[in-house]
Structures are given as C-alpha cells and as structure tokens.
Amino acid sequence: MRALSASGPEGARSQLGITCPNRRNSRLHQISSYALLTTMTRTDAMTRSADNAAPGRSLRQHAKALPEHARSTNRTLLLQTLYRSEPISRADLARVTGLTKATVSDLIGSLLGDGLVRELGQRESVRPGKPAVLLDIKRDAYVIIGIDLSEHDRFRGAVLDLDGRVLHESAIPLDGATGEDALSRVLALTDALLALTTAPVLGIGIGTPGVVTLDGVVRTAPNLGWSELALRDRVAAHTGRAVSVGNDANVAVLAEHNYGDSGSDLMLITVGHGIGAGLLVAGAPVHGSRFAAGEIGQVMVGTDLGLDAPYTREQVLEHWLTVPALTAALAGTDDAGRRAVLREAGQRLGVALAPVVGALNLAEVVLAGPEDLLAGPLADAVLETIRHRTMPDSHDELMLRMTSQGADIVLRGAAALVLHTELGLT
C-alpha cells in the first residue's frame, strides 16, 4: 500500500515537484485507483446501504468505478488529492489523477461552489504564459466533533479541524454512570462541544467500547451498561447532526492509519475502561461477521484452571489488563512488585495476540493507553511472549510500539471516521 509505480500518481508527483508537508503528518496517500476511499458523498452517507459499509471492505478502492458512480468517485479522488498534497493547480491535478482537464475543471467548479476548495492565487513561474492558479482544501470550512467514551473515569470530547488538530477540548466525569445515565452524559458533552464551535460542523464522530454495528448500534458494552443502544440515532436525534459511531479500537486504528506512519497490516490494542483491538489487513478494516472482531478482552488466557475449564470472566484478559485492574493490582507494590504485575499482564496479552499475529502474519502491533502502564515491562513481555509462541522466521521482524497519536488517538480517530463517512477522505 505504500509504494507506487513510476508510472502511477507518485511518479507524476515526482515529475511535478509536489511534496507532502510534515505539518499534515502525511505523505500523499495512493490516489486514483491506487488509494481512493470507498466513494461516499455527504448525501450518500445519510442513506448508505449495507453493501457500501460491508465488513472487510477496503478503505481504499482498487477497482475501476462504474459509469454511474464516476462523478462521485472522481469528486472524491480530487478531494483526496487536494487533502494530502500541497497546493496544486488544475493542470497538475489532471496529470496526477489521470482525469481529463475538462473533468477536473467541472468538478473543481462544483467544489468551489460547495465551499470545500479554495483558490490561493497564482503560482510563481518562470514559464511563459499565464501562471496557474493554486488550489487547496478549504481546511477551515468545517470542524468535526470527536468523542471518546473509552476512558474508565470520564468521557472526553474535542472540536477538531479537518487535519485532525484539536482546537477545543471538554470532558465530563463518568462517576460510575451506566445505562441511560451514561447516555445523558454523552449528550451533555456533545452539547458542550457544539457550543464551542465557530464553523459549520461536518459531523460528530464517537468511539465507544463494546460491540458496535456499522449503523451505530451498540449491541453490548458491559462497562457502560448498554445493550442494543442505537447510539448514532439517539445522538443524531438530539443534535440534528450527522453522526458516525464505531468501536473505540476500530476508530483508534483509523487515526494511526490516517495520521501516523503505520503500514496496511496493523493491529492496535486499546487499554482503558476495557481492552479491545482494531485490525487492518491489507488496508481493510476487519469488523467480523457479528461486528465483534477485536473483542480480545473477553478471551480466556492461560491455562490456570486446566484446558477443560469452562468460560469464566475471572480468567479473561480484562481481569489482568484494564486501567482499573492494573491500578488496583499495583497499589502498594514496590518496584519489583510493580514489574511483576506489569510483566504478567503483558504475558497474558501476548498469549491472546500470538495466534492472531501468527495466523495473519502481521508486521505491526501498536499499544494505545497510559504509557506509564503499557510502555516498558508490559510491552517487553508482550513482544517476548508473541515471539516465543510464533514461528521465528515469519515474525522475527514484528514491530511492537506505543501509538504515535498519544492520548487523543480515539478523538482523532473519531474525526477520521467522520471524514471518511461524510467526504470520503482518509
């Protein structure tokens, strides 16, 4: 997913001298047929079909668009190119994307009219003739509300720009709330964040623990006391805004993919109120047949009770590895005791991850959560255990690291989810 042929968009970019600025944490992602997100206009997003949101569908399109979808596909292609590049002219857009100049001119006119693209003025040039006018995404056209429900003691939210930068933050204590009480706190936090906005809101993205369907229903989130909660619809009805909801780990892996420097085969582990995993395989998010892919927290680890022991929550991964569980286990320990607790938790996680890493031949595992708990002895024990339990020749170069997105990973992932749903950007 990283490399492009010399004859593809990267080769065209090289010839044009187009580079991607560090300020956007981005290289120009593969575009045209190489790297276009699943096509979805803002109107499409509100009426998306199950087919468009099917589990396992790649974030980036690899097949030629059907004629009836061509305009929408090409519009998203131009937006994606502008989003990931430095300012660029219409002519260069045509060269990079392979679209005709007439198509580019027509679609850019539409995007200018919609307020999504702006003209920046003429490019300095020593060439004869009229200098080209440079274009860019209008990055202040909209803001996004991102909400993180994964922490064990509070709900966090932020107003973010289209590049995933946090502009304003707010939080509300959880205080042990569950059920409708927890939902009322989500709505209160959403209201507080909307009050902080000074630009139109593109949408609201929410990352929540639990099993979440693609239409935003939380089938189960035991720590929040939710069962079959239509979270997307409840928040949308309350706010009148477009809302996108995903499992917190699935949302977090979008942030690592969009804003970090990860590859396309990636497993991201989130540790907070519970523990979950977001998974990308060949660039495609994995949701599972019943939307429970990545629910490793409820997997029994180790053989403490013997191989024939029935399922019990006292032996699942979350018994050892959540922020509350680790905090309680570490209370009153000295340095040696602290190391022992963290190593055991890391070993248990390694036991759960080794079959997944082995089966999928993953290249990268990323941990997201409090660094004082996860980095060091715990992470070292995870990697050691995975390597001890998988075939050395296939996984000797496995990378395990902390997230590059810090504590805001779910907030930024929620913004990435909205960008994907509303504009087709990644």
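**Notes on a helix pair and a strand**

1. H9 and H10 are roughly antiparallel to each other, because angles over 145 degrees count as such. This is a predicted model, in which local features need pLDDT of at least 70 and side-chain atom pairs count only at pLDDT 80 or more, while totals for chains, interfaces and linings use all residues. Residues are numbered from 1 along each chain as its sequence is written, and side-chain values use heavy atoms, with hydrogens and water left out.

2. The axes of H9 (residues 323-330) and H10 (residues 335-360) come within 9 Å and cross at roughly 150°, the axes being lines fitted to C-alpha atoms over the stretch in contact, with angles from 0 to 180 degrees between N-to-C directions. Helices (H or I, at least four residues) and strands (E, at least two) are DSSP runs, numbered from the N terminus.

3. Leu326, Ala329 and Leu330 of H9 are in contact (heavy atoms within 4.5 Å) with Arg338, Val341, Leu342 and Ala345 of H10.

4. Strand E17 (residues 364-368) is mostly covered, with five of its five residues buried, that is, under 20% relative accessible area with a 1.4 Å probe and protein chains only. Glu364, Val366 and Ala368 point one way from E17, whereas Val365 and Leu367 point the other way.

5. E17 runs parallel to strand E14 (residues 266-271), to which five bridges join it, and pairs in the parallel sense with strand E18 (residues 399-402) over four bridges; pairing requires at least two bridges found by DSSP. Val365 stands opposite Met267 of E14 and has Leu400 as its bridge partner in E18.

Note on methods: Buried < 20%, exposed > 50% of the residue type's maximum accessible area, 1.4 Å probe, protein only. Parallel < 35°, antiparallel > 145°, perpendicular 65-115°, else oblique.
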